[in-house]
Amino acid sequence: MRQRAKASLEAAYRAMFAGPHGAALRHSDWLPLYIVEATIPRDRIQGTTRNTDLTLCTVLWEHVPTGFCGLSFFNNHLDANSSFSSFVVDGETTSRFNKWAVGEKGKGFVLATRYFFEKVEQTVGRSEQSKTLKQGVSFRVGHEIGELKWKKGKHDVDQLKVIKDDLTPTDLAGLMARRGLHDVDSSDGSSSSDKDESEQQSKTIIQSTMSAKAARSLKAVYKRRFKYKMSEKNMDISEASSPAHETSFVSTDEVSITILGLPRSSPFEVFSGFYGILPPEKAWSLPNSKVQFFKLRQINVKYQGDMETTSDRRAVITHGHQFDVYCRAVGEAADKAFRRSGSPELATQLALEILRQKTYATVSVTRFLHPPNGEAGGGYRAAFQRAWMGLKPSTLPNAVFWPFPANDLDDFKVIEELGMVGCAVSHRVMGILEKSGAYTRIRPHTKTLLLAAPELEDEVPGLERFRQDVRSAESGDGSESSSTVSSSPQRDASPSSDEDSSDRSFPPQDRSAASGSGPAKAAPESPQPSKPVSSVTSDSPDLMDKFTALSSHMREVGVLLQQQNDITKTERAQIGDLNAQLEDMRQKLQGKRKELKRERQAAAAAKAEFEREKEDLEDKLECTQQLLQGQWSARSEERKAKRRREE
């Protein structure tokens, strides 16, 4: 099947298989993994001057023996305002002619090709296949080819340069005119009859030398065209030196880019950043929203709005008015998904995305989501319960999950004591859940549960005595306390039961009165015989003072422990915030370093272009010097001949 797909590509896009690396794709070891192609009819393109349909094709290739990958990009409508220099010269751009073009300074292609070249070097550079496998980056703009290679610069420093090879088909006269090698016989506009014979002979020699050199260069051009499969030599020609001697497979308005030697990659890894190239697993649209959510292994956002990008076209500018509008749109769409009962699957996927995010990213649903109120707590809670159940499938089906800040182990212990499953989340996620009304911190929740518990209907023996003792201890009055204890409902009286009841009801110092072994006060008659009431007096000032001091000390210790716990929580939160800030600063610094490196490389490429232009000027200067030297030699011979005649 892949062989048939490759044969179909070769038949439809023959020009894509031309060039130093494009021709290498013809080998049977290279097979297509994923093909993206599109054809737009000419009559549907507004304002076009072309007489052909617009054809685009992108192919992900696999080198079967090694597993290395390659990429091909083909476009048969080159921008009319662009040329080879538009691709390789930093700063040149055609965006000024198109309001929809991305970027401002034309750095996109330079940075992209350099990135791919370095990626290929890291992958294949040190492997055993580096000597046999055709690897690297090349591109073709019409009939001109550019290939990235390392070249020695000044001070013997390696520089990454684009080696240009102009393979435009032409004849000898056209090649000489293109190189500025015009006919020296007519360079000054005078006729040959006005020239001296010796001077004319010198010019003829120079002209012959330049013509012979240009003829050799012309034959080499056609040999490279045949080698790179850009054309095919006619059968009746032994050596091509004119466009009439070949059949060309490429045209002047094509752009073809080929990268070979990339690491093993799947179509998802290559094309996941482009909406629509890979069919999404799921897609969700929300009413009256510019945001559409779709899933390709994870939740992604399709935003139908304007966004500003950096000049190098590599990143979205994450500040400014347009980015703020984008943030609000994504946050409102996510909140709407949690509130709508008709999209539980999207709400669950968003909850999973929020929970899986380990760090506080600059661009994420977690950052953009701001629930406006707590009216949708049920929707948020149901979505996160389903998400936690998916993340922890081993839990019981009826398990109740409860979130807590990741650094608060005390909350986790309380959650476990209540029989629920604790789920650690970041402070940001906890804030979202609290603001939405889905969850609160566990301690306020336990207080709510306690206050909502039903009161005891039956009287507990000794409860009133306990309450009075506590009130007495808190007031500090321990000289004398009188307690009234209500017994349980009367049963069949017996001496043993009365004695047991007295033991449970009276303090130790009054047991003699209860047992009759000492003087005792007569108990007052009870108005209700079924519930007798006993009144006693206790004198224990030392014990009550100690109990009061101990209670006060325990309260102070509790306050200190609570303060220490609060300080620890605050310090942990501050440490977490500092770590997040340090990580953000580290990422920004790394980005600045990469940008500086790219700028240095761009400067090196510009310098290389300047050196190339300098070399061209030196070649022209050398040719001019040769011409002047020939003229000087002719005049010298003329003067010598004149002197001989005079002598």
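Begin by selecting helix H7, residues 321-339, which lies across strands E11 and E12 and runs at about 65 degrees to E11. The model on the screen is a predicted one.

Now display the strands themselves. Three strands form an open sheet in the order E10-E11-E12, with antiparallel pairing. Strand E10 (282-285) and strand E12 (299-303) are the edge strands, each pairing on one side only. From one strand to the next, the twist averages 25 degrees. As background, the strands of a sheet pair through backbone hydrogen bonds, either parallel or antiparallel.

Select E10 together with strand E11, residues 291-295. Four bridges pair these two strands in the antiparallel sense. Follow the chain from E10 to E11 through their hairpin, where five residues lie between the strands and Asn288 in the turn has a positive phi of about 55 degrees.

Move on to E11 and E12. These strands run antiparallel and are joined by five bridges. Val291 has Tyr303 as its bridge partner in E12. The hairpin of E11 and E12 has three residues between the strands, and Arg297 takes a positive phi near 70 degrees.

**A buried phenylalanine**

Select Phe384, which is found in helix H10, residues 377-391. Phe384 has 0% relative accessibility and therefore counts as buried. Which residues is Phe384 in contact with, leaving aside its neighbours within four places in sequence? They are Phe338, Ala351, Ile354, Leu355 and Leu433.

**A pair of crossing helices**

Select helix H11 (residues 409-417) and helix H13 (residues 442-451). Their axes come within 9 Å and cross at roughly 35 degrees. On the H11 side, the contact is made by Asp410, Asp411, Val414 and Ile415, while H13 contributes Ile442, Arg443 and Thr446. By class, this contact has three nonpolar, one polar and three charged residues.

**The cavity**

The last stop is an empty space. Rolling a probe the size of a water molecule over the atoms shows where such space is left. How many cavities of 30 Å³ or more does the structure hold? It holds one, and the volume of the largest cavity is about 40 Å³. To see its lining, select Ala18, Gly19, Pro20, His21, Gly22, Ser138, Phe139, Arg140, Ser256 and Thr258. The elements that give two or more residues to this lining are strand E4 (136-141) and strand E9 (255-262). E4 gives the most, with three residues. Coloured by class, the lining has three nonpolar, six polar and one charged residues.

Terms used: Residues are numbered from 1 along each chain as its sequence is written. This is a predicted model: local features need pLDDT of at least 70, side-chain atom pairs count only at pLDDT 80 or more; totals for chains, interfaces and linings use all residues. Side-chain values use heavy atoms; hydrogens and water are left out. Two strands pair if DSSP finds at least two bridges between them. Axes are lines fitted to C-alpha atoms, for helices over the stretch in contact, and angles run from 0 to 180 degrees between N-to-C directions. Contact means heavy atoms within 4.5 Å. Ala, Val, Leu, Ile, Met, Phe, Trp, Tyr, Cys and Pro count as nonpolar, Asp, Glu, Lys and Arg as charged, and the others, Gly among them, as polar. Buried means under 20% relative accessible area, exposed over 50%, partly exposed in between (1.4 Å probe, protein chains only). On a 1 Å grid over the protein atoms alone, a cavity is a set of points where a 1.4 Å probe fits but cannot get out, and a pocket is an open set with protein on both sides within 12 Å along at least five of seven lines; lining residues have an atom within 4 Å of a point. Grid points are joined across faces, edges and corners, and a volume is the space filled by probe spheres set on the points.
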